[in-house]
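Trainee: I've got a chain to go through and a handful of questions about it. Can we take them one at a time?

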Amino acid sequence: MKWFEGFVAEIEKGFAFRHEIARKEQLEKTKINFKHAHSRYEVYYLISGNVNYTVAGRVYHINPGEVLVINAFTLHGVEVVPTCDYERYVLEFTANNIPVINGINPISRFFNTNEFINIIPSEVVSQSNFVETLQKMEANYNVDDEYANHILFAEITKLVVELAKLFNKRQNVEYNYIKAESKNSDVINKIIQCINTNINQEITIDFIAKEVGYSRSYMQHEFKEIVGMSISQYILSQKMQTANFLLLSGTPMQEVSDSLGYKYYSTFSATYKKFFGFSPKEKKKLEK
């Protein structure tokens, strides 16, 4: 979006970092309201703006100064209401960006298998060095230095550790939950959870219907109505995002295909190429 001023890291680096600013008059001309899902965890820090954030079918109003931590493979989206200027930081990263030390990965503190989002209140955030760490990441991002990414990965780890400590300080936090995106949002959450937890096998509509206890036609109608894509399209998106993550982490191509439930590598490769525009083999060549 041309009216955003910011920094964008290539996903191929294993993370993405953005500081985005939009003036009220720009927001009035360009509607920001979209949903997406990806294989990375996301940290969203709102500096200013009138924002409603949808996560897995539930809508939350976000106050300036709050931090959202969104689970990987979770459908989410932002709606910016053009009543004032909008400014935010967004950091996306994968679990392997964060080192495991003494058996602890700080990002694991935020989620169990049924959680999609955690919100840290502004009064808790203000008691930390969270913002200063974000600003250091921003200052180091465009540095032309062979060790720049090492510095950034270290800052990501520091940021997640700080968030984990803040998360522990929360006391009976009540999220500013506005509404379910639909009266049937719980149905969507169950479908998404079923897909995410079974991403390593072939997933059919009949399998999901049996797992969540709803009819095919009902599920397909509600999912399309709320999410904006079919269940089959969502399954494909999640599988391809997972494939991309695994390839970036160095997993062999055949192993990626097997781990996503494809019977034949040729089917996986053709699907990947149709989705991204290049095959897994061509991707490997592009990275060299």
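Trainee: Leaving out residues up to four places away in sequence, which residues does Val-43 touch?

Mentor: Keep in mind that this is a predicted model. Val-43 sits in strand 3, and with a relative accessible area of 3% it is buried. Once residues up to four places away in sequence are set aside, the ones Val-43 touches are Val-67, Leu-68, Tyr-89, Val-90, Leu-91, Phe-93, Phe-130 and Leu-163.

Trainee: What is the C-alpha to C-alpha distance between Val-43 and Glu-92?

Mentor: Along the sequence, Val-43 and Glu-92 are 49 residues apart. In space, C-alpha to C-alpha, the distance between Val-43 and Glu-92 is 6.4 Å.

Trainee: Is Arg-18 buried or exposed?

Mentor: Arg-18 is found in strand 1, residues 15-22. Its relative accessible area is 16%, and the cut-off for buried is under 20%. So Arg-18 counts as buried.

Trainee: Which side chain makes a polar contact of 3.0 Å with the side chain of Arg-18?

Mentor: There are two contacts to look at here. The side chain of Arg-18 has a polar contact of 3.5 Å with that of Glu-20. At 3.0 Å, the partner of Arg-18 is Glu-92.

Trainee: And Arg-40, which side chain does its own side chain make a polar contact with?

Mentor: Arg-40 is in the loop between strand 2 (32-36) and strand 3 (41-48). Arg-40 is buried, at a relative accessible area of 10%. The polar contact from the Arg-40 side chain is 2.8 Å, and the partner is the side chain of Glu-92.

Trainee: How do helix 6 and helix 7 lie relative to each other?

Mentor: The axes of helix 6 (residues 205-212) and helix 7 (residues 216-227) come within 9 Å and cross at roughly 95°. Angles from 65 to 115 degrees count as roughly perpendicular. Helix 6 and helix 7 are therefore roughly perpendicular.

Trainee: Which residues of helix 7 does helix 6 meet?

Mentor: On the helix 6 side you have Ile-205, Asp-206, Ile-208, Ala-209 and Val-212. The residues of this contact divide into five nonpolar, one polar and two charged. From helix 7, the residues met are Arg-216, Met-219 and Gln-220.

Trainee: Last one: how many disulfides are there?

Mentor: A disulfide needs a pair of cysteine sulfur atoms within 2.5 Å. Among the residues to look at, Cys-84 is partly exposed at a relative accessible area of 29%, while Cys-194 is buried at 6%. By that cut-off, the number of disulfides is zero.

How values were computed
Residues are numbered from 1 along each chain as its sequence is written. This is a predicted model: local features need pLDDT of at least 70, side-chain atom pairs count only at pLDDT 80 or more; totals for chains, interfaces and linings use all residues. Side-chain values use heavy atoms; hydrogens and water are left out. Helices (H or I, at least four residues) and strands (E, at least two) are DSSP runs, numbered from the N terminus. Buried means under 20% relative accessible area, exposed over 50%, partly exposed in between (1.4 Å probe, protein chains only). A polar contact is a pair of N or O atoms within 3.5 Å; within protein, one must be able to donate a hydrogen and the other to accept it, and residues adjacent in sequence count only if both atoms are side-chain atoms. Axes are lines fitted to C-alpha atoms, for helices over the stretch in contact, and angles run from 0 to 180 degrees between N-to-C directions. Angles under 35 degrees count as roughly parallel, over 145 as roughly antiparallel, 65 to 115 as roughly perpendicular and the rest as oblique. Contact means heavy atoms within 4.5 Å. Ala, Val, Leu, Ile, Met, Phe, Trp, Tyr, Cys and Pro count as nonpolar, Asp, Glu, Lys and Arg as charged, and the others, Gly among them, as polar.
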